[in-house]
Amino acid sequence: MAIERTLSIIKPDATARNLTGKINAKFEDAGLRIVAQKRIQLTPAQAGKFYEVHASRPFYGELCEFMASAPVVVQVLEGEGAIAKNREVMGATNPADAAPGTIRAEFAQSVGENSVHGSDAPETAAVEIAYFFSGLELVG
Ligand code: CMP
């Protein structure tokens with residue numbers, strides 16, 4: 001399988017509960033390398049641009065406010081099949097459906113406050129990585 005990169009976000013509910021290290025350990029234990037990482041405070045507008053594909057969904061406003069409610073850690077994960085592997089490690093979007101041992105099963109509080117985001121395909125990964133990082137910041 002090819003080496004891929006994927007965009008990951010550790011969300012406000014997780015940074016607020018000091019879970020960054022525990023979540024990063026899950027990624028590293030699964031063989032994903034953190035090749036870029038920074039802690040930032042998004043504005044609602046910046047979160048809105050990132051999640052613009054969901055603009056027509058009823059939860060969009062709530063999602064943008066939540067993502068701007070506390071710092072997030074944005075990161076690039078690299079590894080064989082990194083996009084699918086990260087989604088496996090995260091678990092289902094709704095923590096009620098997430099498999100045991102996944103990040104969302106262990107840490108997420110609700111479908112909205114679900115601790116992590118991960119890109120869903122190679123095309124979205126490229127766009128999402130470029131939204132937060134320049135090429136010089138990716139150190140594999
Ligand atoms: P994420 O993987 O970051 O992609 C879009 C996000 O929208 C998703 O995780 C959830 O946090 C959020 N989301 C999806 N469905 C709902 C919902 N029904 N109510 C609130 N937030 C949602």
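**View 1. Phe50 and Tyr51 are both buried.** Buried here means under 20% relative accessible area, using a 1.4 Å probe with protein chains only. This is a predicted model: local features need pLDDT of at least 70, side-chain atom pairs count only at pLDDT 80 or more, and totals for chains, interfaces and linings use all residues. Numbering runs from 1 along each chain as its sequence is written, and side-chain values use heavy atoms, with hydrogens and water left out.

**View 2. Aromatic pairs: the structure has 4 of them.** Rings of Phe, Tyr and Trp (its six-membered ring) pair up if their centres lie within 6.5 Å; planes under 30 degrees apart are stacked, over 60 edge-to-face, and the rest tilted. Phe50 and Tyr51 make an edge-to-face pair, because their ring centres sit 5.0 Å apart with the planes at 85°. Phe50 also pairs with Tyr131, this time tilted, at 5.9 Å centre to centre and 45° between the planes.

**View 3. Tyr51 shows up again, now next to the ligand.** An N or O atom in the Tyr51 side chain is 2.6 Å from a ligand oxygen. On its own the ligand has 460 Å² of accessible area (Shrake-Rupley method, 1.4 Å probe), and the protein covers 78% of that.

**View 4. The shell around the ligand has 4 nonpolar, 5 polar and 2 charged residues.**

Conventions:
A residue is near a molecule or strand if one of its heavy atoms lies within 4 Å of it. A polar contact is a pair of N or O atoms within 3.5 Å; within protein, one must be able to donate a hydrogen and the other to accept it, and residues adjacent in sequence count only if both atoms are side-chain atoms. Ala, Val, Leu, Ile, Met, Phe, Trp, Tyr, Cys and Pro count as nonpolar, Asp, Glu, Lys and Arg as charged, and the others, Gly among them, as polar. Buried means under 20% relative accessible area, exposed over 50%, partly exposed in between (1.4 Å probe, protein chains only).
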